[in-house]
Amino acid sequence: MQGASIAIVNKTVIDGADVMAACPTLKMIAVTATGTNNVDLEAARQRGMRVCNVIRYGRASLVQHTFMLILTLAGNLHRYQQDVKAGLWHRASNFCLMDHPIMELEGKTLGIIGYGDLGQGVAQMGRAFGMQVLIAQRPGQPAQADRVPLDELLPQVDVLSLHCLLSAETRNLIDARELALMKPTALLINTARGGLVNESAMADALTAGRIAGAGFDVLTQEPPVNGNVLLDLQLPNLIVTPHCAWASREARQRLIDLTADNVARFIAGTLERWVA
């Protein structure tokens, strides 16, 4: 990037000590994602760099994927599909199989941590299914009338869905203590960032039956070249997808268009929104 004034990046780490110091002409970092935890924002501010992310490009795709995970786990869809493929329906003495519990979403409580564009989209969909929606007030955040303190929210929810950014304050936000507060019949969905959940604690809770199921689209290290404790589990109540919740063709096109717009506005001097 030496000699460049604008860098378009995604997961590449842009730190102050090495990268920024070696690229004195850099004036803008355009992140093709919502999360900016790969960029040293304070170092960028000190150098007068603009760091701009992209928001509201993947709401439809991510909401769809989040509820795909919820519905699959709630209805034990994958287990019933396995039973059919294994020939169990062919050999059944009754007209149907109902060997696995099915949870109706209507009347259940959906807890959401992170109420930005994505969290709001999941809340809207939850209400469409007849769910009661509770929004978490994260520890250390100021009280708001429409927020429920996390320790009060966790025992109430039937489904917990994570949609906050990863930061020093939110890393391992859901750990063994928080999992112990949840109902043993609850589901946990993480389509945000892997580091929000202590994966070892999650694995222990699933193995011990202290939580009914989990759906993860993100892991702490991606790709998981060194393995991951969740991938080692062979449990029917855990679904892991490869960070693809955002990746519909439509969402990727919006991401490109919005990134190009950010760059054009920066060049024209009309950029109105940035994170650093």
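1. Helices and strands here are DSSP runs, with helices at least four residues long and strands at least two, numbered from the N terminus. Keep in mind that this is a predicted model. With those labels in hand, have a look at Phe129: you'll find it in the loop between α5 (117–128) and β5 (132–137).

2. So is Phe129 buried, exposed or partly exposed? Its relative accessibility is 31%, so Phe129 counts as partly exposed, since that class sits between the 20% and 50% cut-offs.

3. Now hop over to Thr72, which belongs to helix α3 (residues 59–75). Why is Thr72 called buried? Because its relative accessible area is 12%, and buried means under 20%.

4. What does Thr72 meet in there? A polar atom of the Thr72 side chain lies 2.7 Å from the backbone oxygen of Met68. If you skip the neighbours within four places in sequence, Thr72 is in contact with Leu77, His78 and Ile239.

5. Last stop, the strands. Strand β8 (residues 187–190) and β9 run parallel, and four bridges join them.

6. Which way do the residues of β9 (residues 213–216) point? Gly213 and Gly215 go one way, while Ala214 and Phe216 go the other way. Whichever way they point, all of them are buried.

Methods. Residues are numbered from 1 along each chain as its sequence is written. This is a predicted model: local features need pLDDT of at least 70, side-chain atom pairs count only at pLDDT 80 or more; totals for chains, interfaces and linings use all residues. Side-chain values use heavy atoms; hydrogens and water are left out. Buried means under 20% relative accessible area, exposed over 50%, partly exposed in between (1.4 Å probe, protein chains only). A polar contact is a pair of N or O atoms within 3.5 Å; within protein, one must be able to donate a hydrogen and the other to accept it, and residues adjacent in sequence count only if both atoms are side-chain atoms. Contact means heavy atoms within 4.5 Å. Two strands pair if DSSP finds at least two bridges between them.
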